[in-house]
Amino acid sequence: MRWRLSIGRSVNQAVIDILALNRYSGFLADPRVAADELARVDRTVLERYFADLALDPRSTHFRGRDIGSLNVFFHAVRRHGWDQGLPANAAFYPDDFPRPDKRLPRALAKHVMAQVEQPANLDRWHTPDGRALTLILMRCGLRVGDACNLAFDCIIRDADGAAYLRYLNRKMKREALVPIDEEVEGEIAAQQQRVLERWPGGSRWLFPAPRMNPDGTRPLTTHSYRGQLDRWLERCDVKDEHGRAVHLTLHQWRHTFGTRLINRDVPQEVVRVLLDHSSGEMTAHYARLHDSTVRRHWEKARKVNIKGEKVTVDPDGDLAAPRDPRSKRLYPASPRAPRSEAMPLPARPCSRHPARALRPALTRIAALTMDDLDLNRTEVQITFGEHGSVPVPEPFGQVLREHAENRGPRNMVVNRSSPWLFPGRCPGQHIHSTYLMNSLRASNIPLIGSRIAALRALVSEMPPAIAAQAVGYTAQCAERHVLASGTTWANYIPNRRQPNQLTTS
């Protein structure tokens, strides 16, 4: 523990490591294991411990944290030579860590935020310190621990005089900036004045602890703010949509901040910088898109004429070509299947099966149900992602409508009552994705090429987060296609500054 604390680990992390080692020691002391020294702790013993840990009623997060603490301990034993008898096969692998469940963002509902943001409710704080801290959490999206430990001089300005809040991201061990408005700046200035009035000698904290802090050297704790927040919510009588009292966690301010930004069309990269995330994956988890946002961008990306009417793009015409910001094509054109305009629509090679008009994975298409298809509107809509239905462009909407009324194969009557959109030959099962794949290949339709081309064209017409969640892809996949399609020029300057491209005047 002394070594862990000496390299900058927090006391809380040290306590977590000690508890994990205690649990593992209890497992080793079991008579059925009887491992009284590290020389007996091999891979077999570790796997038995993993099986025992799987029965632990705690969540996957806490169980994975215990395995991580053991992994660090074993690495330290080998690194410092504390015990030469530790077997070489006593190692941990990525599969040993339980995979956590993907949870939805916990942003507060709009009507809840409307209640807590009312000036009359904000004025019900019994201390001005709590009001200022709450306003910073709502407007800046800081973690509550970072906000409680804000420095007294936390405002800096750029060359234009715009104010920024400077704070220490204690999770990432780095300083970060977030822009603030005049109201937040005024609240911080008033809080600084209150601190100087109570502690004339000054304090290094913007929010010093109000009690048992005669010299102002201790910051406000998150536990103290938690109690103040609960009492404030009770005074304001904040209710949810069911009329029940609202109970919110301190981290929900941050989730709400990220969700609001992404639904106001702020680019995901900007949201990542404002939240000071190291990767876009974490930002994608925080930012949940509302159904109305997805629908609005989807409608915006649809092609219309000068009168605002929908147009059907000829696949052989100029409008169907991918938008190319440079002289070269960013990806090769997909070969087209032979087609005759005189042939009826259901008989064309690209329309024998409606699934060929859609771009998500074939396994997802094969498992579509009739509930995923909405035929009660003027235009056919289908659901792929988690944010509602999206319109199907013509002429494939009509093909889907005809297929839903007379589902195959071979127009068997039993298939018409099947829940699957594409029933298979076996009773109660949907069509296999391999059948779809072979059928597409027989029609000279490239699977990967056409799918990639469609997705890259989609992310060039709408924000990648919108496209990803509308069609059921991950945000990381959409971001990779944005970079590959040349939509963003984020790497332009580094590429221009390659040594072999530099010239001297």
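# Reading a predicted chain: surface, sheet and salt bridges

Student: How much accessible surface does the chain have, and what share of that surface belongs to carbon and sulfur atoms?

Tutor: The accessible surface is about 29500 Å², and carbon and sulfur atoms hold 54% of that area. Keep in mind that this is a predicted model.

Student: How many helices and strands does the chain have?

Tutor: The chain has 21 helices and 6 strands. Of its 505 residues, 39% count as buried.

Student: What share of the contacts between residues at least 6 apart in sequence join residues at least 24 apart?

Tutor: The share is 57%.

Student: Let us turn to single residues. Is N71 buried or exposed?

Tutor: The call rests on relative accessible area, with buried meaning under 20%. N71 has a relative accessible area of 19%, so N71 is buried. The residue sits in helix α4, which covers residues 60-80.

Student: Which residues is N71 in contact with, leaving aside its neighbours within four places in sequence?

Tutor: With those neighbours left aside, N71 is in contact with F92 and F97.

Student: And D36: is that residue buried or exposed?

Tutor: Exposed means over 50%. D36 has a relative accessible area of 62%, so D36 counts as exposed. D36 is in the loop that runs between α2 (11-28) and α3 (43-54).

Student: Which side chain does the side chain of D36 make a polar contact with?

Tutor: The partner is the side chain of R40, at 3.5 Å. As for S25, D36 is 11 residues from S25 in sequence, and their C-alpha atoms are 9.2 Å apart in space.

Student: Which residues make the nonpolar surface patch?

Tutor: L5, V11, V15 and L19 make a patch of about 340 Å². Helix α2 gives the largest share of this patch, 3 residues. Consider V11, which lies in α2. Its relative accessibility is 58%, so V11 counts as exposed.

Student: Now the sheet. In what order do the strands of the open sheet stand?

Tutor: To read an open sheet, take the strand order and then the direction of pairing. Here 3 strands stand in the order β4-β5-β6, and the pairing is antiparallel. β4 (373-374) and β6 (390-391) are the edge strands; each has a single partner strand, so one side of each has no neighbour in the sheet.

Student: How many bridges join β4 to β5?

Tutor: There are 2 bridges between β4 and β5 (residues 381-382), and these strands run antiparallel. At the residue level, D374 stands opposite Q381 in β5.

Student: Why can charged side chains pair?

Tutor: Side chains of opposite charge can pair when their charged atoms come close. The present structure holds 23 salt bridges.

Student: Which residue does R131 meet in a salt bridge?

Tutor: The side chain of R131 meets that of D123, with an N to O distance of 3.3 Å.

Student: What does D146 form a salt bridge with?

Tutor: D146 pairs with R170, and the closest N and O atoms are 3.6 Å apart. D146 is in helix α8 (residues 144-148) and R170 is in the loop between β2 (163-169) and β3 (174-179), so the pair ties together parts 24 residues apart in sequence. D146 counts as buried at 5% relative accessibility, and R170 is partly exposed at 41%.

Student: Which residue forms a salt bridge with R174?

Tutor: The partner is D276, with the closest N and O atoms 3.1 Å apart. D276 lies in the loop between α12 (268-275) and α13 (280-286), while R174 lies in strand β3, so this pair ties together parts that are 102 residues apart in sequence. With a relative accessibility of 12%, D276 counts as buried; R174, at 29%, counts as partly exposed.

Methods. Residues numbered from 1 in each chain as written. Predicted model: local features only at pLDDT ≥ 70, side-chain atom pairs only at ≥ 80, totals over all residues. Heavy atoms only, no water. Helix = DSSP H or I, 4+ residues; strand = E, 2+ residues; numbered from the N terminus. Buried < 20%, exposed > 50% of the residue type's maximum accessible area, 1.4 Å probe, protein only. Contact = heavy atoms within 4.5 Å. Areas by Shrake-Rupley, 256 points an atom, 1.4 Å probe, with all protein chains shown as cover. Polar contact = N/O pair within 3.5 Å; in protein donor to acceptor, adjacent residues only side chain to side chain. Pairing = 2+ DSSP bridges. Patch = residues over 30% accessible without salt bridge, like charges linked within 9 Å, V, L, I, M, F, W, Y side chains within 5 Å. Salt bridge = Lys/Arg side-chain N within 4 Å of Asp/Glu carboxyl O.
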